[in-house]
Structure formats: structure tokens, C-alpha cells
Amino acid sequence: MMLVAAARIRRAQEAVINGRPFTEGLVEFLYTINDSLQCEDVDCPLTVIRPVKKVALVVITGDRGLCGSFNNAVIKKAESRVSELKGLGLDYTVISLGKKGNSYFRRKDDVLVDRFVEGGGFPTAKEAQMIADDVFSLFISEEVDKVELVYTKFVSLVKSNPVIRTLLPLSVKGEVVDVNGNCVDGMEDELFMLTTKGGKLVVERDKVRVEGGIISPLMQFEQDPVQILDAMMPLYLNSQILRALQESLATGE
């Protein structure tokens, strides 16, 4: 059993390490192309920031309990974010992935859960696509105005960090605010860093820079930019969710 577990951990860790350059490069590319199109009349629903009234939290836990404080750390991070959203006067819903999270949230009558998803062993693109479709539907129908991933980021065999990462909207326009203009981004969101400049709270994107990720301002798009974004966004959603699943597995296996 120890040998099987070690092999699964090694496989999960390799998937995380090998997949990070692609997912980070894809995010950088999409942010760059979206930034370059801000002066054009481009309508891509997944990049539009609207006043936030409701947030969807995709909470990823493990299927097993023999992984230290892994599951508890993710659940505490999710509950902390729920409390933060309530304090802001925002509605929320939870999409729970993993047996441990599902078991916990089923006992919590005060937590609103949209869907429970059981893990299927080693994460696959098909599993990630199922969640991506659900998230896409919630956001496009405007049932939610912001989607965040809550998962454990793999650092090493002895270290991991529960994190929050904004999934939608994908925009370069700055902070996401509620109907009153108050920032609703999480203080520890991986895509944002809250700082104070001149006494005013602002949001700076903590962009992941990759070599070759900058698009020349002289570049012209052969296809309609909307078609490019529409074609790339499903890949973005799938890859980010798959990465979160892999990171969690590498930590909590």
C-alpha cells in the first residue's frame, strides 16, 4: 500500500510540475491579449466585470482522511471566505469537490451548496470539463458574478498552502466591486494583491511573467478577436480547474 501511495504521489506531483508552465503561460497570454483589446469593441462575456452580487466558491478537498490537516485547512479557508462575503453583504454558493468536503458541507445547514461532486481518482480533463461547464453556466446566466477556486497549492511533500484564486471574470480592468463600489476581492487571492497607495485601497495583479508572453502592439489578428477569446476561454477554464485538482491531489494523496 505504501508503494502504491508513493507511486500515486509521484505521479500527481509530476502532473503539477509539468502542467504549471502551460497553465501559467495560458493565463499570461489571455491577460495580454485581453489587455491589448481594451480599446476595441470586443464582447467576451467571461471577461466582463459587473457589480458583484453573488460569488461561487469551488472548494476542492480530498477523498481520503489520512492526509494530515489538508482537508481541514481547505475547509477553514472556504469558511473564512464565506464569512468575509457575508460581511460584505454578498450572496454566495459553494460547489464542493471531494468526499471529505462533501461530507462536511452536508452537515452544515448554514452553508449554501449548489452541487456536490465526488472525486474520480486521478484528475482528468473530462472531470475538469464537467466542473468548467457548471461554472460557465452559472457565470453566463449571471446567477453568479464572480467565481473563485479554493484549493491546496502544492509546495513540497511537507508543505502546502490553502489558497483562493479568482477564476472568473478574466479581466485586466482592476478590482472587482459590488453594487456600492466596494472591492470584493479576497485579501489572499492569488491573482490579486491588495496594497495601499496614497491612502486609497487599490488592487494590483500579481501577474506570472513567462518568457515570450508579451504580444507586440503592432500585431494584427487574422481572426476576429472575439473568436480567439471564445475559443481560448474553455481551455482556460478547463486547465485552471484541472491544475487545482492536480495540486490538491499532490498534497492530499
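Leaving aside neighbours within four places in sequence, Ser239 is in contact (heavy atoms within 4.5 Å) with Phe22, Thr23 and Leu26. The model is a predicted one, in which local features need pLDDT of at least 70 and side-chain atom pairs count only at pLDDT 80 or more, while totals for chains, interfaces and linings use all residues. Residues are numbered from 1 along each chain as its sequence is written, and side-chain values use heavy atoms, with hydrogens and water left out.

Ser239 belongs to helix α5, residues 225-252; helices here are DSSP runs of H or I with at least four residues, strands are runs of E with at least two, and both are numbered from the N terminus. Ser239 counts as buried because its relative accessibility is 7%. Buried stands for under 20% relative accessible area, exposed for over 50%, and partly exposed for the range in between, with a 1.4 Å probe and protein chains only.

Leu30 counts as buried, since its relative accessibility is 0%. Not counting residues up to four places away in sequence, Leu30 touches Leu170, Leu229, Met232, Met233 and Tyr236. Between the C-alpha atoms of Leu30 and Thr47, which are 17 residues apart along the chain, the separation is 9.9 Å.

Turning to the whole protein, five helices and seven strands are present, and from the N terminus on their order is α-β-α-β-α-β-α-β-β-β-β-α. Of the 253 residues, 47% are buried. Among contacts between residues at least 6 apart in sequence, 71% join residues at least 24 apart.

Buried in α2 are Phe70, Asn71, Val74, Ile75, Lys77, Ala78, Arg81, Val82 and Leu85. They lie on the same side of α2 because they cover an arc of only 155° around the axis, the arc being that of the directions from the helix axis to the C-beta atoms. On the other side of α2, Lys76 and Gly87 are exposed. After α2 comes Gly89, with a positive phi near 75°.

Strand β2 (residues 91-97) is mostly covered, with six of its seven residues buried. Strand β1 (residues 54-60) pairs with β2 in the parallel sense over seven bridges; pairing requires that DSSP finds at least two bridges between two strands. Strand β3 (residues 113-117) also runs parallel to β2, joined by four bridges, and Ile95 stands opposite Arg115 in β3. From β2 the chain crosses through helix α3 (residues 99-106) to β3 in a right-handed β-α-β crossover, that is, with the strands pointing away from the viewer, the path from the first strand over the helix to the second runs clockwise.

Two backbone details remain. Most residues other than glycine have a negative phi, and most peptide bonds are trans. Glu142, in the loop between α4 (125-140) and β4 (146-156), has a positive phi near 65°. Glu142 is exposed, with a relative accessible area of 53%. A cis peptide bond, with omega about 5°, joins Leu168 and Pro169, and Pro169 lies in the loop between β5 (159-168) and β6 (192-197).
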